[in-house]
Amino acid sequence: MARPGPALAALWEGVLGGWLGEHLRATAGALAYGYGLAVVIGITVGFLIGSSRFAYEVLEPTVMGLYAVPKVMLFPVFLFIFGLGTSSNAWLAMTFGVFPILVFTMAGTREVDPVHVKVARSLRLGRWTTFRNVVFPSILPSCVAGLRLGFGVTFLGVVLAKMFASSRGMGFVLIGSVELHIMPRMYGVILLLVIVALLVNGAFMLWERALWGRRPTQGA
């Protein structure tokens, strides 16, 4: 049975030995790279598809079909292109995280009230002003929901990539601990990863609730 004492002791040993910081930095670097790609691609493509009725009707089934494809099978492609290292890990993680962000952004863009856009046009507001004051506030809550889900699966993708094709990172430490039967270290790494995921998810949830709380209710 796992006990927190030995797991915490193993993490403290990692802090003193320096290996924990090294592997955390490797994981954080790949996560930032992959999540950044997922955010830029997901929001941009989601907005472009959602803002066009024709593009939405044509591409939405394709997007949802690709969403269901197992992402791990693309890892050999990224390994062939980028080789072992941060880039291949990050691009695999991006394939996990980009779809929730894209889908939620696409859906949020479709839900922008056309009356508000028509009012902005009648006031002769420019495209950028209309986007900043009308469109962006409307789609932001949905985008944040997508960002929250996207972060979780991007984090998963990074850990998986570090487990199977890397010599650094928390996934590498985790799989090494299993192979060497160092159970306290394994449980310590799992505990640390769970805490990080919960903290980031909680921050996104607070942001999401604050945004939804500021939205006007129907008929207000």
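Mentor: Helices in this account are DSSP runs of H or I with at least four residues, strands are runs of E with at least two, and both are numbered from the N terminus. On that basis the protein chain has nine helices and zero strands. Please keep in mind that this is a predicted model, in which local features need pLDDT of at least 70 and side-chain atom pairs count only at pLDDT 80 or more, while totals for chains, interfaces and linings use all residues. Residues are numbered from 1 along each chain as its sequence is written, and side-chain values use heavy atoms, with hydrogens and water left out.

Trainee: Where does H181 lie, and why does H181 count as exposed?

Mentor: H181 lies in the loop between α8 and α9, the latter spanning 183-214. A residue is buried under 20% relative accessible area, exposed over 50% and partly exposed in between, with a 1.4 Å probe and protein chains only. H181 has a relative accessibility of 66%, and therefore it counts as exposed.

Trainee: What is the phi of H181?

Mentor: H181 has a positive phi of about 60°, although it is not a glycine. Most residues other than glycine have a negative phi.

Trainee: How do you know that C143 is buried, and what makes Y33 partly exposed?

Mentor: C143, which lies in helix α7, has a relative accessible area of 7% and is therefore buried. Y33, in helix α2, has a relative accessible area of 31%, so it is partly exposed. For the protein chain of 220 residues, buried residues make up 39%.

Trainee: At what angle do the axes of α7 and α8 cross?

Mentor: The axes of helix α7 (residues 127-164) and helix α8 (residues 170-179) cross at roughly 55° and come within 6 Å.

Trainee: What makes α7 oblique to α8?

Mentor: Angles under 35 degrees count as roughly parallel, over 145 as roughly antiparallel, 65 to 115 as roughly perpendicular, and the rest as oblique. The angle just given is one of the rest, so α7 is oblique to α8.

Trainee: Which residues of α7 and α8 meet, and how do the residues of their contact divide?

Mentor: V159, K162 and M163 in α7 meet G171, F172 and I175 in α8, contact being heavy atoms within 4.5 Å. The residues of this contact divide into four nonpolar, one polar and one charged, where Ala, Val, Leu, Ile, Met, Phe, Trp, Tyr, Cys and Pro count as nonpolar, Asp, Glu, Lys and Arg as charged, and the others, Gly among them, as polar.

Trainee: At what angle do α2 and α5 pack?

Mentor: Helix α2 (residues 19-50) and helix α5 (residues 86-110) pack at about 30°, with their axes 6 Å apart. This angle falls under the limit for roughly parallel, so α2 is roughly parallel to α5. The contact of α2 with α5 divides into 18 nonpolar, eleven polar and one charged.

Trainee: Which residues is Y33 in contact with, leaving aside its neighbours within four places in sequence?

Mentor: With those neighbours left aside, Y33 is in contact with T86, S87, A90 and W91. From Y33 to S87 the C-alpha atoms are 7.9 Å apart in space, although these residues are 54 apart in sequence.

Note on methods
Axes fitted to C-alpha atoms, helices over the stretch in contact; angles between N-to-C directions.
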